[in-house]
Amino acid sequence: MSDTLTIQSHKGPYDVLFGDDARSGLAALAAGDRPLHVIVDERVAALHTDRLAPLLAGPSVLRLEATETNKSLEKFPAYVDHLVGKGIRRDHLLVAIGGGIIQDTTCFLAATMLRGVDWAFCPTTLLAQADSCIGSKSSINSASAKNILGTFTPPRTIYLDVAFQDTLDPRDVRSGVGEILKVHAIDGPDSFAALAADYDRLFSEPDLMLRYVRRALEIKKAYIEDDEFDRGPRNIFNYGHTFGHAIEAATDFAIPHGIAVTIGMDMANFVSSRIGHGTEDHFRRLHPTLASNYDGFESHPVPFDRFLAAILKDKKNTGTGSVTMILPGADGRLAKVTHAADDGFTSACNTFLDEVRSQ
Ligand code: NAD
């Protein structure tokens, strides 16, 4: 029985292929007639040379270091020149191989070059496999703001092979687990509790990890099919992100995205209880698992003035002097809330970053 997951999008359905289906699908791409332009994380290309040999042997391969600078608008002229030099046409296929940085870069190029070229994705980080590979979004940076430019452009197919996880740094595994925790928290208390109970075993049991990757995609599928363009229900996936992005910005991206999001969820729960929106009980229930996932980053300095400047600049804010974020309410349910960036709010943020995070 095929375990393909099919996602509906405004450009039609697309499939997530797993395991052997993903491997044979990639081999068929490499052997097919359709001209390919491969954009690959250079680290992945070096670590998985044999696995990727047929694709890397093609005539158009762009190897990029996976850095935030490399998904900045300022870098795109060089990528466009490369693809033009390789004779790109609208019926060609861009193939992204890497994590979220390669995904965002390729997706943005696919959306804009020649007014739209198809793309396919082989996600190689846990974060990309469990979360970002579906949902259509591309987000790229400008010199002044992270993820400020973007499109909704689904890939044609996703080739999800968990074997790529074997070479991930432990911090990148926990970064992916951070997004899996987020998706399960969104699904509700029972989902989060089940994952929390399995948390320690996740790191040594690949089958268990695959089960949670797939479950995370299934939970997200329901939201993105309902609200692909993120105008309502899908907003909830920003849980932990308003705080997480501000932490990333204040630390010059020294903390991996999914770990910053894990800290961000803990912070959202704490701040919500302090501003009288959520409960202390909810914060305490999730804190042990979230804190385990950001262990090692719990005392990483986060300059408060930079954090505050970043959170006030968040693109989800609708007014000046207020912050729009996803917070748990009194019943623990997550919802979008706009709150004044008043003394109560800033002091709750400061207390969390200064004291609570490292307890
Ligand atoms: P990444 O692309 O930043 O890569 C993280 C590190 O892992 C890099 O050093 C990379 O070289 C390395 N790596 C990748 N695959 C590897 C493998 N198999 N073995 C060993 N090393 C490997 O990873 P990420 O965490 O997936 O992505 C973060 C980026 O994704 C951020 O820029 C974030 O803004 C973006 N993002 C996008 C979306 C979206 O929907 N478009 C969603 C979430 C995050």
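The structure is a predicted model, in which local features need pLDDT of at least 70 and side-chain atom pairs count only at pLDDT 80 or more, while totals for chains, interfaces and linings use all residues. Residues are numbered from 1 along each chain as its sequence is written, and side-chain values use heavy atoms, with hydrogens and water left out.

**Exercise 1. Describe how helix H10 is covered, and by which elements.**

Step 1. Helices (H or I, at least four residues) and strands (E, at least two) are DSSP runs, numbered from the N terminus. H10 spans residues 241–250.

Step 2. A residue is buried under 20% relative accessible area, exposed over 50% and partly exposed in between (1.4 Å probe, protein chains only). In H10, 9 of the 10 residues are buried: His241, Thr242, Phe243, Gly244, His245, Ala246, Ile247, Glu248 and Ala250.

**Exercise 2. Explain why the buried residues of helix H3 line one face.**

Step 1. In H3 (residues 49–56), the buried residues are Leu52, Leu55 and Leu56.

Step 2. Viewed down the axis of H3, these residues fall within an arc of 85°, so they line one face of the helix. The arc is that of the directions from the helix axis to the C-beta atoms.

Step 3. The partners of these buried residues are helix H1 (19–31), strand S3 (36–41), helix H2 (42–47), strand S4 (61–64) and strand S5 (93–98).

**Exercise 3. Characterise the crossing of H11 and H14.**

Step 1. The two axes come within 9 Å and cross at roughly 135°. Axes are lines fitted to C-alpha atoms, for helices over the stretch in contact, with angles from 0 to 180 degrees between N-to-C directions.

Step 2. H11 and H14 are therefore oblique to each other. (Angles under 35 degrees count as roughly parallel, over 145 as roughly antiparallel, 65 to 115 as roughly perpendicular and the rest as oblique.)

Step 3. Ile263, Asp266, Met267, Phe270, Val271 and Arg274 of H11 meet Phe345, Ala348, Cys349, Thr351, Phe352 and Leu353 of H14. These residues divide into 9 nonpolar, 1 polar and 2 charged. (Ala, Val, Leu, Ile, Met, Phe, Trp, Tyr, Cys and Pro count as nonpolar, Asp, Glu, Lys and Arg as charged, and the others, Gly among them, as polar.)

**Exercise 4. Characterise the crossing of H7 and H9.**

Step 1. The axes of H7 and H9 (residues 206–226) come within 9 Å and cross at roughly 50°. H7 and H9 are therefore oblique to each other.

Step 2. By class, their contact has 11 nonpolar, 1 polar and 3 charged residues.

**Exercise 5. Locate Val117 and state whether this residue is buried or exposed.**

Step 1. Val117 lies in the loop between H5 and S6.

Step 2. Val117 counts as buried because its relative accessibility is 4%.

Step 3. Neighbours within four places in sequence aside, Val117 is in contact (heavy atoms within 4.5 Å) with Ile88, Arg89, Arg90, His92, Leu94 and Ala110. The C-alpha atoms of Val117 and Ile88 are separated by 9.1 Å.
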